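Me: Please show the sequence and the model. I will then ask about them piece by piece.

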Amino acid sequence: MTDFLVLAFVFLAAGVVAVPIASRLGLGSVLGYLIAGVAISPILAALQVDVVAIQHFAEFGVVMMLFLVGLELEPKMLWQMRHRLLGLGGLQVGVTTALVMGVAMVFGLSWSVALACGLVLALSSTAIVLQTLNEKGLMKSDGGQASFSVLLFQDIAVIPMLALIPLLALPELADVGGHVVAGHGAESVAEAAHGETHGEDHGGGHGMNINLVENLPAWQAALATIAAIAGVIMGGAYLTTPVFRFVEMANLRELFVATALLFVIGIALLMTLVGLSPALGTFLAGVVLANSEYRHELESDIDPFRGLLLGLFFMTVGAAVNFGLLFGSFGTFLGLTLGLMAIKSAVLFGLARIFKLKGGDKYLFGLGLAQAGEFGFVLLSFTVANNVLPPVVADQLLLVVALSMMLTPLLFIFHEKVILPRMAGETEQEPDEIDETGQIIIAGHGRFGGVVNRMMRAAGYSTTVLDHSSVQLERLRRFGVKVFFGDATRPDLLHAAGLREARLLVVAIDQRDAATELVRHVRHEHPKLGIVARAVDRHHVYELYAAGATHIVRDTFDSAVRAGRSAYEELGMHAFDAEMLAQAFVDDDKATLLTLASVYDPKIPAYENEEYLEKLKEVASQRDDILSGNGKAFHVRTDRGWTPPSREDLDAEQEADKT
Amino acid sequence: MAKVIHYYAHPGHRFSHTNKAMWDASQPVEGVTRVDLYAEYPRHNVNIDREQRRLIDHDVVLFQFPVFWYSAPSLLKEWIDLTLEHGFAYGKDGDKLCGKWMMLAVTAAGPQDAYSEGGYQHFPLRTFLTPFEQTARLCKMRFAAPYVFYDALRADPAAHAQGFADLLSGLRDDRIDLDKAEAEGCLYHDSIASVSRRPEGSPAQ
């Protein structure tokens with residue numbers, strides 16, 4: 001228990017201290033985590049922590065990230081991406097592998113070792129690149145989309161690679177492989193990787209790591225695989241809604257989180273059981289759920305876990321750098337790393353040219369994917385276990401992979417600070433295609449929010465509707481409205497619904513205090529966002545005003561005024577007079593509201609606020625006068641518009657005119 | 001029988017003497033369409049389709065209003081702005097009002113002598129009404145002389161109101177010779193007879 005607490009404390013403290021500093025310095029969170037990892041590596045070494053084991057655990061963050069990426073990607077969009085996915089991705093992996101293999105052979109490695117090196121190093125880091133693209137808001141750019149295509153292809157390509165690598169086994173390593181692992185395992189964190197290999201599954205090293213299909217004939221294995229994928233797709237499409245409906249009955253926030261985790265972990269498990277990449281499986285599930293009403297709920301539930309696990313993953317990358325080995329021959333490793341990145345970059349720039357990426361996007365693509373990635377770690381341990389790579393070579397490659405990952409954030413900074421400013425002129429001529437216009441988020445879709453939503457849509461605006469009643473949503477969906485399930489008072493859900501890019505928030509939820517809190521929070525986070533809020537009564541208006549709402553509308557006031565106006569007309573008043581009188585009443589009420597607002601104190605209940613009560617009495621007596629017909633307070637204003645001058649005035653004027 | 005539509009625009013109807021008397025006097029006249037614009041559109045949301053249909057369905061369009069600041073009350077201006085659309089009332093294919101008559105029935109607060117070069121209004125009333133006259137012309141409508149009441153805040157409106165009722169029924173029954181009325185400057189309750197056709201069969205005076 002203490003071990004766990006110490007470990008958790010060390011990692012959390014390092015992250016909490018390093019990331020804000022790195023972000024402040026403009027280095028981005030990834031570099032912050034990497035540096036934090038390097039900083040705590042001596043502590044971890046002293047505690048004899050198996051960093052690589054933690055890294056494998058943290059890799060689940062990548063699985064979650066791909067699930068979230070999938071959620072953002074509707075099946076239609078994925079289909080539109082297919083040319084880039086296969087073309088860009090396939091060429092990148094193929095050409096890079098071939099080039100790295102060639103260079104390795106020049107350095108005197110045998111072809112099979114060289115090929116393994118090529119495969120390992122061709123992959124890029126999904127974790128770093130997607131995290132950074134999201135952070136910098138570049139995901140939707142052309143370069144971001146191209147990068148994503150390549151990363152997705154690589155994730156898919158890992159599966160055939162895992163099948164191919166055992167075929168490259170070196171017979172002479174088969175005898176000594178196990179021995180080397182045992183000898184070095186405890187000494188260096190980098191070498192500890194070899195103790196965690198997938199290959200050891202054969203020897204029963206991991207009781208939990210079961211592969212159901214490996215002992216089946218090929219056709220049955222293929223059938224099981226197809227069945228698993230179909231299961232994920234069908235389950236995602238048809239099971240999610242009933243499951244969430246079921247969970248909804250408990251009405252517990254944490255149960256939604258648990259359900260979301262259950263989804264992701266369940267899919268990952270299923271994929272592992274049939275020997276597929278869990279990242280790919282959850283990505284697929286994400287795509288299937290991209291059109292679901294629970295999309296934003298899932299997003300906001302999974303996102304914190306993804307963030308923490310990825311942070312942990314980056315720290316382990318930093319911590320796993322074998323500094324003894326590195327500083328032993330620093331020049332060589334730096335040369336190898338830079339050489340690798342140069343090769344990868346060259347391939348990427350070539351592809352960028354073929355696929356017509358322009359300006360800043362070309363550089364984003366060419367520099368962003370130049371590193372090796374976390375799947376490289378996986379493949380490395382796999383190759384050693386399968387006696388494909390000698391452990392010495394693997395150790396060196398491990399260091400190169402880690403170094404290239406650590407240099408990546410610097411390349412992104414270079415892209416942002418040096419390339420983009422130079423491209424400014426160029427990109428101005430070709431403005432980015434705007435995928436999504438500013439959204440209007442409507443929180444609460446009852447009778448009030450529903451009307452607002454219809455009005456927005458009637459005027460051609462796109463809206464995102466959040467509501468916590470699935471019955472309400474069901475009804476709406478039948479009318480083709482885009483609705484999402486979730487408690488709109490939860491800030492994380494609002495963020496998942498796109499609050500950051502939103503141009504307007506309409507707060508139309510029933511719960512009075514929750515609405516005020518929501519406005520206060522959103523105003524704090526987004527000082528410039530327009531907020532239209534629904535108030536239940538006069539005091540709520542003051543509270544919402546203090547919380548920072550831009551427009552505050554009392555939900556029953558306008559309709560009551562209309563009812564009053566109809567009553568005037570029904571009593572025989574001329575329709576225009578009724579309208580003028582109703583308007584004067586509204587003006588008068590607004591003035592009262594302002595008068596009372598100046599003495600209203602949200603900290604004191606109104607009935608204990610002496611000043612407020614005093615003012616209220618004053619205003620109330622005026623209103624009584626109006627109601628009893630004595631007062632002229634607002635009659636004066638309505639009458640004076642069309643009252644002709646009196647006869648006496650006219651006579652006096654004429655007299656004056658004559659003299 | 002001419003189809004007559006009587007538009008009334010007065011935001012201060014309940015304070016009005018003359019216009020109210022005219023409006024009341026108009027009520028018993030059968031076969032005339034009456035529209036109280038401020039009652040029908042208290043929020044100025046003029047229904048263009050409905051108003052254009054009304055114009056098409058009638059031959060004589062009469063606007064009754066008090067002159068406010070040398071013009072019509074704002075809703076009537078709004079009505080004109082919205083209803084007399086390009087392609088309907090004027091411009092290409094804008095011939096739907098061609099040959100119809102426009103007539104005004106206006107009240108002025110100042111006495112008649114104020115509306116002359118020496119008076120405090122400086123111009124004759126007709127000069128202030130030229131925007132309406134030109135509106136009619138652009139719409140290929142004909143513009144009859146306005147039915148006018150001066151000193152409307154003080155003078156007794158009874159005779160003027162009765163004359164207005166006679167005018168309406170005269171227009172309805174084609175007893176008013178509009179060609180003659182077009183040539184006049186202004187019409188008053190005592191000059192309606194001068195533009196009336198002699199009733200058929202009645203002896204010449």
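Reply: Helices (H or I, at least four residues) and strands (E, at least two) are DSSP runs, numbered from the N terminus. Residues are numbered from 1 along each chain as its sequence is written, and chains are lettered from A and ligands numbered from 1 in the order in which they are written. This is a predicted model, where local features need pLDDT of at least 70 and side-chain atom pairs count only at pLDDT 80 or more, while totals for chains, interfaces and linings use all residues.

Me: How many helices and strands does chain A have?
Reply: The DSSP runs give the count. Chain A has 6 strands and 32 helices.

Me: What percentage of the residues of chain A count as buried?
Reply: Buried means 20 or more other C-beta atoms within 10 Å of the residue's own, exposed means 12 or fewer, and partly exposed lies in between; C-beta atoms are placed from the backbone. Chain A has 659 residues, and the buried share is 41%.

Me: Which helix supplies the largest share of the side of chain A that touches chain B?
Reply: Contact means that C-beta atoms, placed from the backbone, lie within 7 Å. By that rule, 12 residues of chain A are in contact with 12 residues of chain B. Helices α29 (575-597) and α32 (647-658) of chain A each supply at least two residues of this side. The largest share, 5 residues, comes from α29(A).

Me: Is K603(A) buried or exposed?
Reply: K603(A) sits in the loop between α29 and α30 (610-628) of chain A. E543(A) is 60 residues away from K603(A) in sequence, and their C-alpha atoms are 9.8 Å apart. K603(A) has 6 C-beta neighbours inside 10 Å, so it counts as exposed.

Me: How far apart are the end C-alpha atoms of α21 in chain A?
Reply: The expected span of a helix is 1.5 Å times one less than its number of residues. Helix α21 (residues 374-385) of chain A has 12 residues and should span 16 Å. The model agrees, with its end C-alpha atoms apart by 17 Å.

Me: How many residues of α21(A) are buried?
Reply: Among the buried residues are E374(A), F377(A) and A385(A). The helix is largely enclosed by the rest of the structure, because the buried count for α21(A) is 12 of the 12.

Me: Which strand of chain B pairs with β4(B) over 7 bridges?
Reply: Two strands pair if DSSP finds at least two bridges between them. Strand β4 (residues 101-107) of chain B has 7 of its 7 residues buried. T107(B) in β4(B) is the bridge partner of P66(B). The parallel partner over 7 bridges is β3(B), residues 60-66.

Me: What is the bridge partner of A105(B) in β6(B)?
Reply: β4(B) and strand β6 (residues 147-149) of chain B run parallel, joined by 3 bridges. A105(B) has as its partner in β6(B) Y147(B).

Me: What is the phi of D151(B)?
Reply: D151(B) lies in the loop between β6 and α7 (158-172) of chain B. With 17 other C-beta atoms within 10 Å, D151(B) is partly exposed. D151(B) is not a glycine, yet its phi is positive, at about 50°.

Methods. Contact = placed C-beta atoms within 7 Å.
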